[in-house]
Amino acid sequence: EERSNEIVVGITSDIGNFSLSPQVFYRDVSDYIQGIPATDPVVIAVSTANGDPNPLQWSNVDAKFYGADMDWGATITPNWRLDGVVSYVRGERDDINDDLYRIAPLNGSATLTYSRSNWWAGLEGVGYAKQNKVSETNAEQKSSGYALYHLYGRYEPRRDVTIRAGVRNIFDRFYKNNL
C-alpha cells in the first residue's frame, strides 16, 4: 500500500483582468508503485522473444516529488482572452540514487481565444523542454524538447446543438512524447 505526505503552498490572485494561481509542492512517498527491471529469467526470455529485451515488473520503492505549477489568464478585450499553464515536476527515488521513470519535463501551454455569443475559436501552443533527468535503472531514454500548435473551435447554432472541430499539430511537426 502506497502512503504519502504532501505539503502544498499556493496563492490565487486576480488583479484587474489578470489572474494568477501559482503553487509549489513537495510529496514524500513510501512504497511508491514503480516499474523496475524484471529479474525473472522466464519473464525476460518471453519478453525478449516478443521484441522487448527490458521488461518491467511492479515494485514498491521510496520516492519524492517536488515542483511547481501555475495557471494564469488575462482578459485582453471582451472577446479576446489569453490563458496558460506551466508545470515542473521532479521525481526521485529515495531507496537508490535514480530518477523516477516517466516523469514529464518542464512544460507549458498558452491559448489565445476569440469568443462571441454562440461560438469561439482558439489557437493553443504547447511546449515541452528536453528531459534529461531520466531513470537509469529503467534504461529510460532522454528526450528532446518540442512545441506544437493546435486550432480549436466550437459553434452552438441552437441551445441543444454544439459543433466542435479542431486540428492538432497544425504544422505536422514530428515529436516524441517523453512519457
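Start with a surface view of everything. The protein chain exposes about 11900 Å², and carbon and sulfur atoms supply 53% of that area. Accessible areas come from the Shrake-Rupley method with a 1.4 Å probe, and for residues only the protein chains shown count as cover. This is a predicted model: local features need pLDDT of at least 70, side-chain atom pairs count only at pLDDT 80 or more, and totals for chains, interfaces and linings use all residues. Residues are numbered from 1 along each chain as its sequence is written, and side-chain values use heavy atoms, with hydrogens and water left out.

**The whole chain**

Switch to cartoon. The protein chain has 1 helix and 10 strands. Helices (H or I, at least four residues) and strands (E, at least two) are DSSP runs, numbered from the N terminus. Follow the sequence and the pattern reads β-β-β-α-β-β-β-β-β-β-β. The radius of gyration is 21 Å, well over the 16 Å that the globule rule gives for 179 residues, so the chain is more spread out than a compact globule. That radius is taken over C-alpha atoms, and the rule is 2.2 Å times the number of residues to the power 0.38.

Zoom out to see the extent. Along the principal axes, the C-alpha atoms fill a box of roughly 65 × 40 × 35 Å. Buried residues make up 26% of the 179 residues. Buried means under 20% relative accessible area, exposed means over 50%, and partly exposed lies in between (1.4 Å probe, protein chains only).

Now think about contacts, meaning heavy atoms within 4.5 Å. Among contacts between residues at least 6 apart in sequence, 54% join residues at least 24 apart.

Colour by charge next. The mean positions of the 18 positive and 23 negative charges are 10 Å apart. Lys and Arg count as positive, Asp and Glu as negative; His and the chain ends are not counted. Each charge is placed at NZ of Lys, CZ of Arg, CG of Asp or CD of Glu.

**Aromatic rings**

How many aromatic pairs does a search of the whole structure find? It finds 6. Rings of Phe, Tyr and Trp (its six-membered ring) pair if their centres lie within 6.5 Å; planes under 30 degrees apart count as stacked, over 60 as edge-to-face and the rest as tilted.

Select Trp80 and Tyr114. Their ring centres are 4.8 Å apart and their planes meet at 55°, so this pair is tilted. Trp80 lies in strand β5 (residues 80-93) and Tyr114 in strand β7 (residues 107-115), so the pair ties together parts that are 34 residues apart in sequence. Trp80 is partly exposed, at 37% relative accessible area. Tyr114 is partly exposed too, at 21%.

Move to Tyr128 and Tyr146. This aromatic pair is stacked, with 5.2 Å from centre to centre and 25° between the planes. Tyr128 sits in strand β8 and Tyr146 in strand β9, 18 residues apart. Is Tyr146 buried or exposed? Tyr146 is buried, at 9% relative accessibility, whereas Tyr128 is partly exposed at 28%.

**Positive phi**

Most residues other than glycine have a negative phi. Select Asp31 in strand β3 (residues 18-37). Its phi is near 65°, a positive value. Asp31 is partly exposed, with a relative accessible area of 33%.

Then pick Ala139, in the loop between β8 and β9. Phi of Ala139 is near 55°, again positive in a residue other than glycine. Ala139 is partly exposed at 42%.

**The loop between β8 and β9**

Stay in this loop and select Lys142. Lys142 is exposed, at 60% relative accessibility. Not counting residues up to four places away in sequence, Lys142 touches Gln131, Asn132 and Val134.

Step to Ser143, in the loop between β8 (119-128) and β9 (146-158). Ser143 is buried, at 16%. Leaving aside neighbours within four places in sequence, Ser143 contacts Lys130, Gln131 and Asn178.

**Last stop**

Finish at Leu179, in the segment after β10 (161-167). Beyond four places in sequence, Leu179 is in contact with Arg102, Ile103 and Ala104. Its C-alpha atom is 23 Å from that of Gln23, which is 156 residues away along the chain.
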